[in-house]
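Here are my notes on this model, as numbered points. Please read them with the structure open.

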Amino acid sequence: MSDIEIRDDRAAGRLEAVGDGTGGEVVGHIEYFVLESPGRALVPVHTIVEPAHEGKGIAGSLARELYAIAGREGVVVAPLCPYVTKWAERHPDEAPAADPELLRAAKKWVVEHPGRF
């Protein structure tokens with residue numbers, strides 16, 4: 001994997017991977033929101049890696065960092081993004097499973113906020 005910097009743009013709901021030597025170009029990102037109820041959780045909805053940068057481990061680095069942020073903040077990740085869900089299944093030691101109630105609440109939030117994603 002090439003060197004990347006991962007930055008959390010919480011206001012925009014994006015965890016961004018900036019490629020080394022790309023002039024600050026965002027080469028991949030996870031779109032997410034913060035669920036507040038019934039419990040606080042980070043909810044990833046989409047993971048996107050630019051085609052020219054696929055296969056370099058960027059998506060996995062983004063998923064790993066999202067779980068690390070959640071751990072530092074003492075919250076859980078309730079993944080709706082298919083990629084993050086599969087990544088979490090492959091890395092249970094780094095990605096604790098979310099309570100099904102949180103997942104239901106996250107899905108409801110997305111339905112109630114059409115156009116957000």
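1. Which side chains meet in a salt bridge at 2.8 Å, N to O, with Arg10 as one partner? They are those of Arg10 and Glu73. The model is predicted. This pair links distant parts of the chain, 63 residues apart. Arg10 sits in the loop between β1 (4-9) and β2, and Glu73 in helix α1.

2. Arg10 also forms a salt bridge with Asp8, where the closest N and O atoms are 3.2 Å apart. Asp8 is partly exposed at 33% relative accessibility. Arg10 is partly exposed at 29%, and Glu73 at 39%.

3. A search of the whole structure gives 8 salt bridges. One of them joins Arg72 and Glu65 at 2.8 Å, N to O. Arg72 is exposed, with 60% relative accessible area, whereas Glu65 is partly exposed at 24%.

4. His29 lies in strand β3 (residues 26-35). His29 counts as buried because its relative accessible area is 7%, under the 20% cut-off. Its side chain makes a polar contact of 3.3 Å with that of Arg14. Beyond four places in sequence, His29 touches residues including Leu15, His46 and Leu62.

5. The largest nonpolar core has 22 residues; Leu15, Leu42 and Tyr67 touch the most other members. Two or more residues each come from β2 (14-19), β3, β4 (41-49), α1 (58-73) and α2 (82-90). Helix α1 gives the largest share, 8 residues. Apart from this core lies another of 10 residues, among them Val43, Ala78, Ala98 and Leu102.

Methods. Residues numbered from 1 in each chain as written. Predicted model: local features only at pLDDT ≥ 70, side-chain atom pairs only at ≥ 80, totals over all residues. Heavy atoms only, no water. Helix = DSSP H or I, 4+ residues; strand = E, 2+ residues; numbered from the N terminus. Buried < 20%, exposed > 50% of the residue type's maximum accessible area, 1.4 Å probe, protein only. Polar contact = N/O pair within 3.5 Å; in protein donor to acceptor, adjacent residues only side chain to side chain. Contact = heavy atoms within 4.5 Å. Core = buried A, V, L, I, M, F, W, Y, C linked by side-chain atoms within 4.5 Å. Salt bridge = Lys/Arg side-chain N within 4 Å of Asp/Glu carboxyl O.
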